Amino acid sequence: MELVKLTIDNRTVEVAKGTTIFHAAKELGITIPTLCYMNLKDLNIEHKPGGCRICVVEVEGRRNLAPACATDVSEGMVVKTHSVRVLNARRTVLELIISDHPFDCLVCAKSGKCDLQDMAVKLGVRDIPFQGEKSTYKPDFSPAIIRDMDKCIMCRRCETMCNDFQTVGVLSGIHRGFESVVAPAFERDLDHSECTYCGQCVAVCPTAALTEVDHTNRLISDLSNPNKTVVVQTAPAVRAALGEEFGMEPGTLVTGKMVAALRQLGFHFVFDTDFAADLTIMEEGTELLDRITRHLNGDKDVKLPILTSCCPGWVNFFEYYYPDMMDIPSTARSPQQMFGAIAKTYFAEKQKIDRKDMVVVSIMPCVAKKYECTREEFATDGSPDVDYSISTRELANLIKSANINFNNLPDEDFDKPLGESTGAAVIFGVTGGVIEAATRTAYEIHTGKSLEKVDFDALRGFDGIRSASVDFNGVEIKIGIAHGLGNARKLLDDIKAGKSEYHAIEIMACPSGCIGGGGQPLHHGDSSILRARGKAIYEEDKGKALRKSHQNPDIIKLYDEFLGKPGSELAHKLLHTHYHSKKDKQVLLD
Amino acid sequence: MTSIKLKLKESDVQKLKEVAKTFNNDPGELINVLHKAQEIFGYLPAEVQEVVAEELNIPVAKVYGVVTFYSFFTMLPRGRFPISICTGTACYVRGAEKILDEFKRILKVPVGETTPDGKFSITCLRCVGACGLAPLVTIGDKTYGRVTTDGVKDILKEYENEE
């Protein structure tokens, strides 16, 4: 490796050739401020467009200041990162950016968590000397994401996530100069684009240009309505990340505190999406087993591989991009929707609550779940099975605004019956978890034997695309796993091209699965945080008395009392769905 | 940017596919493909951009980004008599802006758009290298030099009986 020696702020450092000034400075413990730069190391994404110009530094012998994130070091280079010239330029650049930004910080959704606001504080901006026209755009309200481009600072991180990582390609910089903005093709709104609502753009936006649709106020009003019974369900990934919002170490499990907080907030029943995840395994596992058995028996019509269908971002993705493969995904609804369907039928009947008086709210690590609730097929006579979904971040804000001392809450248990779950359900929150849970149940049902080792290490890990084989009593079942839609695309294209063969595939839209979801506390691409969350999920699984979905006593009871058996007519009506091609959606809507 | 609705004929789609093919369907040739496409259709409606995106395997948002970035590309059909007013430095100091305003006033369309009858469109261009004739206007292939505000209506009169 060729090394280059240079001086930064009077200190010498030696770094590999090709290193940027930004990284060389880091070696010396100097963090050069920036607004647009983003490094998602474990996802192999480094976004350094050199666009914001906040990271400018002075390089001896160069006439102009250089953007540190986009300038490579050279031998003998002398760099100053905080000369008067640099500091003045940096502040002027920031003042110019702010001069075209609204001043509504006090009431902004990102206030207190905004990179632009932080930078203004850091650089001591007290006055904007530049007066003039400001960009004004019509806000774009979709069911899951709000685009308010008046607040866009053209860092273009969202574009990198949407194009390079997810390969969805909805967002692009358009027009030029003062008119430039990030938008979908032909400035359509998101709802009329191929947006999957994965929310990875929201997760990296430095300002409030991209935010999730916020249902907090709606929730507060429902909770205070004496005529409503408000039921909550919490997704597995939430408990492994919520603590971070209260200063806890990443990977701290806060299941009990979360339940206590929800009860204090006034929810009438605190239930667990994990219950529905066990139910998903019963339905999806049965479907998986059925398709594989038919395939092994020589049925040529059976469609394999079976693809998981829990992730609404992924469902959107294949509805847009793989309309020819629509008969491959499992027809099982996601756990969120199974929960809603059961809560508003089985549970409502038990409690003698009228459907219209029950509000089902979900707490999700996800932005796309907000959209999933609104899909027409998940409603009865216009009344949705799940009324709305709030993100982990929204829940944290709600707990804070309710003045609940989260860190000191006692651990409490979920209510019954829709709060009972097994370890298999918990691992839905991490990449590989759904297929591992399905394998645990499918193996036992297929072989009639009890699993000696419940942990399938071969299915775990954080590589973007993984494959593994599981021995089903002499029959080799091939399993594929992908997280991130770009990886999903690669995997699907290989299958289409006949390059790889699988019996079953799990796909999650977000990096590392739901623990890295678009609605989670921001991880800023630090994969050690994602790994810690994953570890927490596997810990909770290990600590459960029951670790296979088909052992969940309340699931067994649900089938006995209500559904009959997996795949029954009623189960199909309430727990399964169908998909629509969205390939021509945009054109049709024009 | 407003756009004119257009249903592409199958033969038009084929033409575009061939254009993309002559550039090996290489995404790096996007600008060249768009140039050719605009040569064929006169402008780049959304439907054309969608086919180009599909053929070069790039997101249509990216194609739209390039089309809106370069002023040469247009999503609106040009008039049968496209009027270009030079607003380069020499023409500008000799009153090009007033000339432009006069065209806009008489034809009642803003820059970049076409009259409802499809006859005239107005665009600005930067220096055609005939600064001695400033301010300069071109209509189609015809050039008008030392144009005055009063002269604008006379120029348009020439096209009164043309269709």
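Modeller: Let me start with helix α8(A). The model is predicted. At 1.5 Å a residue, the 24 residues of α8(A) should span 34 Å, and the end C-alpha atoms of α8(A) are 33 Å apart, so the two values agree.
Colleague: What makes α8(A) mostly covered?
Modeller: A residue counts as buried if 20 or more other C-beta atoms lie within 10 Å of its own. In α8(A), 18 of the 24 residues are buried.
Colleague: Which strands does helix α8 of chain A touch?
Modeller: Helix α8, residues 273-296, packs on a sheet and touches β13, β14 and β16 of chain A. Its direction makes about 40° with that of β14(A).
Colleague: What takes a positive phi just after α8(A)?
Modeller: G298(A) does, at about 90°.

Colleague: What is the strand order in the open sheet of four strands?
Modeller: The order is β14-β13-β16-β19 in chain A, and the pairing is parallel.
Colleague: Why are β14 and β19 of chain A called edge strands?
Modeller: Each pairs on one side only. Strand β14 covers residues 269-272, and β19 covers 388-391.
Colleague: How do you know that β13 of chain A pairs with β14(A)?
Modeller: The test is at least two bridges between the strands. Four bridges join β13, residues 229-234, to β14(A). Therefore they pair, as the cut-off is at least two bridges. One detail: Q233(A) has F271(A) as its bridge partner in β14(A).
Colleague: Which helix lies across β13, β16 and β19 of chain A?
Modeller: Helix α6, residues 216-223. It runs at about 120° to β19(A).

Colleague: Which residues of helix α7 of chain A are buried?
Modeller: Helix α7 spans residues 255-265. Its buried residues are T255(A), K257(A), M258(A), V259(A), A260(A), A261(A) and L262(A).
Colleague: What covers the buried residues of α7(A)?
Modeller: The cover includes β13, β14, α12 (392-401) and α16 (527-543) of chain A. Just after α7(A), G266(A) takes a positive phi of about 105°.

Colleague: What makes strand β22 of chain A mostly covered?
Modeller: The count again. Five of its five residues, 504-508, are buried.
Colleague: Which residues point which way from β22(A)?
Modeller: A504(A), E506(A) and M508(A) point one way, I505(A) and I507(A) the other, and all are buried.
Colleague: How do you know that β15 of chain A and β22(A) pair?
Modeller: Two bridges link β22(A) and β15, residues 306-307, in the parallel sense. The cut-off is at least two, so that count meets it. I306(A) has A504(A) as its bridge partner in β22(A).
Colleague: How many bridges join β21 of chain A to β22(A)?
Modeller: Five, and the strands run parallel. Strand β21 holds residues 475-483. I481(A) stands opposite E506(A) in β22(A).

Colleague: Why is V204(A) called buried?
Modeller: V204(A) has 24 other C-beta atoms within 10 Å. The cut-off is 20 or more, so V204(A) is buried. V204(A) lies in helix α5 of chain A, residues 200-204.
Colleague: What does V204(A) touch, not counting residues up to four places away in sequence?
Modeller: M38(A), R157(A), C158(A) and M161(A). V204(A) and T160(A) are 44 residues apart in sequence, and their C-alpha atoms are 9.8 Å apart in space.

Colleague: Which domains does the assignment give chain A?
Modeller: Domain 1 is 3-97, domain 2 is 135-213 and domain 3 is 217-575. The centres of domain 1 and domain 2 of chain A are 27 Å apart, taken over C-alpha atoms. The contact between these two takes ten residues from each.

Colleague: How many residues does each chain give to the contact between chain A and chain B?
Modeller: Chain A gives twelve and chain B gives ten. On the chain A side, strand β10, residues 172-174, gives the most, with three residues. By class, that side has six nonpolar, five polar and one charged residues.
Colleague: And what does chain B contain?
Modeller: Chain B has seven helices and four strands. Of its 163 residues, 31% are buried.

How values were computed:
Residues numbered from 1 in each chain as written. Chains lettered and ligands numbered in written order. Predicted model: local features only at pLDDT ≥ 70, side-chain atom pairs only at ≥ 80, totals over all residues. Contact = placed C-beta atoms within 7 Å. Nonpolar A, V, L, I, M, F, W, Y, C, P; charged D, E, K, R; others polar. Domains from an automatic or database assignment. Axes fitted to C-alpha atoms, helices over the stretch in contact; angles between N-to-C directions. Buried ≥ 20, exposed ≤ 12 C-beta atoms within 10 Å, placed from the backbone. Expected span 1.5 Å × (residues − 1).
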